[in-house]
Amino acid sequence: MNDNLSPALTRRSMLGGTLALGGFLLVGCGTDNSSSPGGGNGSPVKTLRVGVTGDLLLSSIQRFQANNQMLRRTVYDYLLDKSDDGSYTPSLATAWKWSSDQKSLVITLRDDVKYHTGRAFGPDDVIASANAALVATSGAQAAGLLKLASGLKKTGDNEVTATFDKPFPGYLDAFAMLPIIDSQTYADAPSGKQVIGTGPYTFGSWTAGSKYTLKRNPSYWQSGKPAFDTIEVTVITDSQAMLSALQSGQLDMVDGMVLRDAATLKKSGKFTVQTSATYDIYVGVNTKVKPLDDVRVRQAIAYALDRDRISSQVYSGLAAASCVPWPSNAPGVTQEQVKHYSYDLAKAKSLLQQAGAVGTEIELAPIPSDPSVVAASQIVQYGLTQAGFKVKMGTYDSAAFATHVQAGDFPGLWITNVALTTMGATTALLTANPLTSAKNTENFVTPEYASLVSAVVDATTDKLPAATAALTDYMLEQAFHNTLVQGQTPVVAVPGLSGVTVDRTLAVNLTNATLKE
Amino acid sequence: MIRYTLRRLTGAIGVLLIASVAVFALLHLAPGDPATVLAGPDATPQTVAAIRHQLGLDQSVPHQYVSWIGQLFSGHLGDSYTIHQPIGSLIAQRVGSTLQLTVAATVLTLVLGVAMGVALATSRRRVVTQTLDYLATLALALPPFVSGVILIFLFAVVWKVLPSGGYVALGQQPGEALRRLILPSIAMALPSAPVIARLLAAEMRRVAQQEFVLTAIAKGAGRRWITWRHIVPNSVGPAIIELGIRIGQLLGGAIIAEAIFARAGLGSLLVQAVESRDYRLAQVLLLLAISAAILTQLVAELCIAAIDPRVRVGGTA
Amino acid sequence: MSVIVRTGETSAPTVPTRRPQRRYVAAVLRTPRGLIGLVLVVGIILVAVVGPWVIPQDALTQGPDALVGPSGTHWLGTDEVGRDLFARLLVGTRVDLVVTLIAVPISGVLGTLLGMVGMLNRFAGSFCQRLFDVLLGVPAVILGIAVALAVSPGMGSVIIAIVLVTMPKFGKQSRTALLGQLPQEYVAAAEVLGYPRSRIMFRHVLPNILDAIFVRFAVEMAQAVVVEGGLSLIGLGIQPPQPSLGAMIKSGSTYLFDHPLYSMAPVVVVVGLVAGYLLLADALNEANLRR
């Protein structure tokens, strides 16, 4: 068969080739680069290497969204922070006082803060930041709250006053989610030329889609902080690659890891997991599409959701099952509400029969950018099919999905999150497309809903629990917004890293963070 | 040959023009536009409309196409809609990673492929051919996203001798850059080398049957000489075409390899551009990818004409 | 009459004869390679077709026992939502077989013919080659995204995407092989005899380039499975809860370390299929050579 051809590769040449290949590999494995740069054992490390799943979106710095979570508390500061119990802690603002008629709010500011350009921070900058958020193109959710004030004026060297026609107790939430920008350089921010704030780190270099660096701000108003000289942030979109990078020692910290992977790492004992405030992951129902306008059909859907299995199989328990969109420790939320709908296929089937809708064809569309949601959609689809629906999976890419959320024209059901619920019911109800009462993605507009939402928005602190409870009961009964679990965005880190916190806007706060080898 | 090359190049421009229309049309037909992506899911219709107006997207589609083509011809690639930086500099930032991977993977594919192919065709020991066959089959059947994951697991996570990914410019730290290239180029070469090897071997076996080879043997030429001087050159045709295709695709951006090994190159930029409906960026990158493919194939055909004595460029077809 | 210039060394003229089908099959079965290849391919097809009806588990039932290892009830264990992996493997193989056995032959026929069309009409030939250049230049993943934007994702879009990705490869290959055949004496002989070009193309040139086409066919069957896997990676392949080999490899790779069977079982099937096709192609190749 091969008589005319002789072995063209002698044993010698094969050996030579193999040696060369081996040598190539060995040369490559030169210095072991898997440990982080810095001092020897126990000494503090000066460079922090962070992995994130999405690149910066510098045209929307003031917006509460996943892209800028590493930027909002490092390069920028807020006026104040909202803590878990609903109270506020000072940051750039030192004090705030409502007038007795609740129609004006005086905010006192620090006088020792400088922007990275050296310019002093003052009340005009607060007003400028608020105005920047109110511009139509900013998309900052805080605008939904800011615009409820009739005016915001400078009333002193370190003071601004907000005035209201109608009392709005939730106003301070706006400043608990608004990075204070520098009006003089803000126009250069989207391209990355000048990203200026007052925060503990300055904006270094940026290779779009790949990585960016933050450098220590030597004149930060909290003296002695921060601890790191440089923060290197690498963008890794593939969850498998992110996991490998952390496990192989190329990263010290990861923000936004898939929850199941985080749980696995936590169980291994080699990494720590820092939890964050929780938010709503839900199945939305477009009530304009028949027969989804029938509340019995919607309740059938609610009973067909195996929330416990989703929590354990998809999220390894890091996201707790819940029927309520607000965090389970929010004022007015009861355990009965959280567990309101059990996984009850018999009830679901009978409800469907009553509504005469057995065998209804519906489409289910998970948000494609969240692998956990895509996994959860399998369980949702299964439950719905068992209950008697015919479910077709809807596959949209991110852009198409966002279009549908904005327009409210999903052909059936969808699954995504409302991250804003971390701030509590009031803020979410005023700013999140799936929840606003005048128009929402589910097209659920009723006078009852509108009045219950207003009651929550206008409620003072003492009336808030009851108002929230009433609204939650109504939402549970109407089942147009079916929460599956309370998700979160944890920070996974090597054991030597301490002092990292995640605020209520899911922004990572590294001001007090240190890393020991 | 020069006339042929020129003819092909002018033909290529025609292709690119048609492709630009097709790409433009397809992207605009898809639901969503940069404004919806930039506005975010919580945006009000006013926000989306305001952003749309800011980007100039509320003009008619043909108008946008004409102004874009006009811009291109005057040498301006324009700015990316979502990243707000000039497209030229974005490409310059990412092209290094793609070029590195292309060169490394191609070299490895060539070396492995030719060695395996020649060995398959010429070795008289069944053990060798059988083993090579099975190895080739195994490598062929392993998609990069499986072999890549296994390689990372073994070399980066368990043994910790190589980094799990990332990209470093050759100019900055050559050692680091090479270390990060090893695993991805192996993952990319593994499925390609056996294809080259098989094409080469199949062709070599066929060519070896032909009379001119017997003639050469009768004339007293040594076997190794016959193999490398006569048979291999006549056999490289299909293999080189395939290699040309693979290089073209690598230049367009090895999307899956870039995702697994976290190398931000042109491929991931293209995916990002399509997903965020960044029309300008996506269009430029696609045209770039198509140009790269056309050019590499042209070069491949010229190479065949140079090596294979039977083929003349510009034949009847 | 056209004159074909022969330059350099030429090869011996090969005047092909028509071979009846029966001789092919017999020739294939005679070699050990052909036998193994046939057994692999036919075996896997049989198991995939018959299997799901025989085993008690089904591919869709979810349950509370996720990611458990092999047991009496679940021969390969379960996936992340409690579905039986063995059943999913069988059904997934079926789906992949259907997709590849439709898409790749279509690509092969279309591509080979379009690649040779330059023999009949020069302009059409150039046009086709340029079309192939465009299709090859666009990364497969992007083609997949483009197809999914136009046609909603599923079996149909996967088949179309595979055809778009695979057809140009056949086209380029057949054209190169054609260019290699044209200078040969038998073509000149046929032309002198006055045969029309189309007859030369189909009856004389085509059989001569078939061996390379067969090898290409086997390779592309393997590639088709990989393309399907790549599309599943970005969520535009076969839609869940339908299993497919590519999607299983992808989802299983996250659990490679604790539950390797999830990912490795489909890899074994893929390797078996690919090896089978390649061995078959080799046997056919040899049968071609032994006239």
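Two residues are in contact if their C-beta atoms, placed from the backbone, lie within 7 Å. Keep that in mind for the interfaces.

This is a predicted model: local features need pLDDT of at least 70, side-chain atom pairs count only at pLDDT 80 or more, and totals for chains, interfaces and linings use all residues. Residues are numbered from 1 along each chain as its sequence is written, while chains are lettered from A and ligands numbered from 1 in the order in which they are written.

First, chains A and B. On chain B, 63 residues are in contact with 54 residues of chain A. Which helix of chain B gives the most to that side? Helix α5, residues 87–122, with seven residues. Helices here are DSSP runs of H or I with at least four residues, strands are runs of E with at least two, and both are numbered from the N terminus. The side of chain B that touches chain A has 36 nonpolar, 19 polar and eight charged residues. Nonpolar covers Ala, Val, Leu, Ile, Met, Phe, Trp, Tyr, Cys and Pro; charged covers Asp, Glu, Lys and Arg; the others, Gly among them, count as polar.

Next, chains B and C. Here 55 residues of chain C are in contact with 52 residues of chain B. Several helices of chain C each supply at least two residues of that side, including α4 (122–137), α6 (155–181) and α8 (197–233).

Now the sheets of chain A. Strands of a sheet pair through backbone hydrogen bonds, either parallel or antiparallel. Two strands count as paired if DSSP finds at least two bridges between them.

One open sheet has seven strands, in the order β8-β9-β10-β1-β11-β19-β12 of chain A, with mixed pairing. Its edge strands are β8 (201–207) and β12 (272–274) of chain A. Inside it, β1 (47–52) and β10 (230–235) of chain A run parallel, joined by six bridges. G51(A) has T234(A) as its bridge partner in β10(A).

Another open sheet has four strands, β4-β5-β7-β6 of chain A, paired antiparallel. β4 (93–98) and β6 (151–156) of chain A each have a single partner strand, so one side of each is left without a neighbour in the sheet. Five bridges join β4(A) to β5 (104–109) of chain A, running antiparallel. There, A95(A) has T108(A) as its bridge partner in β5(A). Helix α2 (123–134) of chain A packs on this sheet, touching β5, β6 and β7 (159–163) of chain A. The direction of α2(A) makes about 170° with that of β6(A). For that angle, axes are lines fitted to C-alpha atoms, for helices over the stretch in contact, and angles run from 0 to 180 degrees between N-to-C directions.
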